[in-house]
Amino acid sequence: MQALPPSEPNAAAASQQLEQPLVEVENCLNLLGEALLRRDSQAIEQNAAKLHQALALAINSFSEAARSGAVPAHLRHRLVQAGGRVAAQRESLARATAALDRAIDVLMPAEANAVYSALGKTERKSLGGSIQA
């Protein structure tokens with residue numbers, strides 16, 4: 001029987017330690033994505049909190065493994081993909097928030113004397129007064 005080189009058992013152990021937090025992040029991302037599609041605000045809030053916790057745990061795990069130089073490339077790649085999904089969901093949520101803010105601005109203008117035209121809300125500024133040099 002041949003013994004494994006010392007680096008291979010360490011890599012296998014690191015892979016096993018990193019797999020679980022990464023799977024948890026991926027599961028939380030899936031659940032949050034589904035909640036966003038359903039527009040279920042309570043589920044979004046719960047899954048976002050779970051994702052935050054899972055990401056913190058995964059980052060800690062990967063940071064510790066990186067210090068010992070034992071982060072397998074395939075897990076590093078999956079973590080980068082998860083980070084991209086987080087960024088995409090954040091962007092999607094920001095766009096939805098901006099659209100909601102615009103709708104609220106149209107329905108409830110900030111100024112009572114605001115004027116609307118065919119192009120939307122316009123503000124009239126008073127040009128009266130004196131010009132100072």
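In helix α2, residues 41-67, the buried residues are Ala-43, Ile-44, Asn-47, Leu-51, Ala-54, Ala-58, Ser-61, Phe-62 and Ala-65. Buried means under 20% relative accessible area, exposed means over 50%, and partly exposed is in between, with a 1.4 Å probe and protein chains only. An α-helix has 3.6 residues a turn, so residues three or four places apart point the same way. Helices here are DSSP runs of H or I with at least four residues, strands are runs of E with at least two, and both are numbered from the N terminus.

Before going on, the ground rules. This is a predicted model, where local features need pLDDT of at least 70 and side-chain atom pairs count only at pLDDT 80 or more, while totals for chains, interfaces and linings use all residues. Residues are numbered from 1 along each chain as its sequence is written, and side-chain values use heavy atoms, with hydrogens and water left out.

Back to α2. It has 27 residues and reaches 39 Å from first C-alpha to last, close to the 39 Å expected at 1.5 Å a residue; the expected span is 1.5 Å times one less than the number of residues. Just after α2, Gly-69 has a positive phi of about 75 degrees. Helix α3, residues 73-107, has 35 residues and should span 51 Å, which agrees with the 51 Å between its end C-alpha atoms. Its buried residues are Leu-75, Arg-78, Leu-79, Ala-82, Val-86 and Gln-89.

The chain as a whole has 3 helices and 2 strands, in the order α-α-α-β-β from the N terminus. Of its 133 residues, 23% are buried.

What makes up the largest nonpolar core? It has 12 residues: Val-25, Cys-28, Leu-29, Leu-32, Ala-35, Ala-43, Ile-44, Leu-51, Ala-54, Ala-58, Ala-82 and Val-86. Elements giving two or more residues to this core are α1, α2 and α3. A core here is a set of buried Ala, Val, Leu, Ile, Met, Phe, Trp, Tyr and Cys residues joined through side-chain atoms within 4.5 Å. Apart from this core lies another, of 7 residues, among them Leu-18, Leu-22, Ala-65 and Leu-75. Ala-58 is in contact, meaning heavy atoms within 4.5 Å, with Pro-21 and Val-25, leaving aside neighbours within four places in sequence.

Now the charges. The whole structure has 4 salt bridges, each a side-chain nitrogen of Lys or Arg within 4 Å of a carboxyl oxygen of Asp or Glu. Arg-78 pairs with Glu-19 at 3.0 Å, N to O. Arg-78 is in α3 and Glu-19 in α1, residues 7-38, so the pair ties together parts 59 residues apart in sequence. Arg-78 also forms a salt bridge with Glu-26, at 2.8 Å between the closest N and O atoms. Glu-26 is in α1 too, so this pair ties together parts 52 residues apart in sequence.

Last, confidence. Mean pLDDT, the predictor's confidence in each residue from 0 to 100, is 79 for the chain, and 71% of residues reach 70 or more. Confidence is highest in α2, at 92, and lowest in strand β2, residues 120-122, at a mean of 59. Over residues 124-133 the pLDDT is below 50, and this stretch has 1 contact beyond near neighbours in sequence. Where pLDDT is low, the predicted coordinates should not be read in detail.
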